[in-house]
Amino acid sequence: MTLPIGTYVVDTRTGRVGRFMGPAGPFVALRPVGGGREWECEPDEVRPATAAERISAATAYVNARSRGEVT
């Protein structure tokens, strides 16, 4: 899979939405929406996120930030 860095993707194992950060050995590195610690998964377990999934993830992050749960 060849995706531009920064593309919103879904980790199909967990349903988490993250941003594609590039290859990491045999895996791909993903970063949570809003930043944070990257995680890795198999390239075949990633798919591009839909517009609704991107909006939902961004909204969840903004709401958590407004409650003081993330900085």
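Visitor: What is the length of the polar contact that joins the side chains of Asp-11 and Arg-13?
Guide: The model is predicted, so to speak of local features requires pLDDT of at least 70 and side-chain atom pairs count only at pLDDT 80 or more, while totals for chains, interfaces and linings use all residues. Residues are numbered from 1 along each chain as its sequence is written, and side-chain values use heavy atoms, with hydrogens and water left out. A polar contact is a pair of N or O atoms within 3.5 Å; within protein, one must be able to donate a hydrogen and the other to accept it, and residues adjacent in sequence count only if both atoms are side-chain atoms. Between the side chains of Asp-11 and Arg-13, the polar contact is 2.7 Å.

Visitor: Is Asp-11 buried or exposed?
Guide: Buried means under 20% relative accessible area, exposed over 50%, and partly exposed in between, with a 1.4 Å probe and protein chains only. The relative accessible area of Asp-11 is 0%, and therefore this residue is buried.

Visitor: Which residues does Asp-11 touch, not counting those up to four places away in sequence?
Guide: Asp-11 belongs to strand 1, residues 8-11; strands (E, at least two residues) are DSSP runs, numbered from the N terminus. Contact means heavy atoms within 4.5 Å. With residues up to four places away in sequence set aside, Asp-11 touches Arg-16, Leu-30, Trp-39, Cys-41 and Glu-45.

Visitor: At what distance from the ring centre does Arg-16 lie over the face of Trp-39?
Guide: A charge sits over a ring if NZ of Lys or CZ of Arg is within 6 Å of the ring centre and within 35 degrees of the ring normal. Arg-16 lies over the face of Trp-39, and its distance from the ring centre is 3.7 Å.

Visitor: Which residue stands opposite Leu-30 in strand 4?
Guide: Two strands pair if DSSP finds at least two bridges between them. Strand 3 and strand 4 (residues 39-41) are antiparallel, with three bridges, and six residues lie between them in their hairpin. In strand 4, the residue opposite Leu-30 is Trp-39.

Visitor: Which strands stand at the edges of the sheet?
Guide: The open sheet of five strands is antiparallel and has the order 4-3-2-1-5. Each edge strand has a single partner strand, so one side of each is left without a neighbour in the sheet; these are strand 4 and strand 5.

Visitor: Which residue in strand 5 stands opposite Val-9?
Guide: Three bridges join strand 1 and strand 5 in the antiparallel sense. Opposite Val-9, strand 5 has Pro-48.

Terms used. Helices (H or I, at least four residues) and strands (E, at least two) are DSSP runs, numbered from the N terminus.
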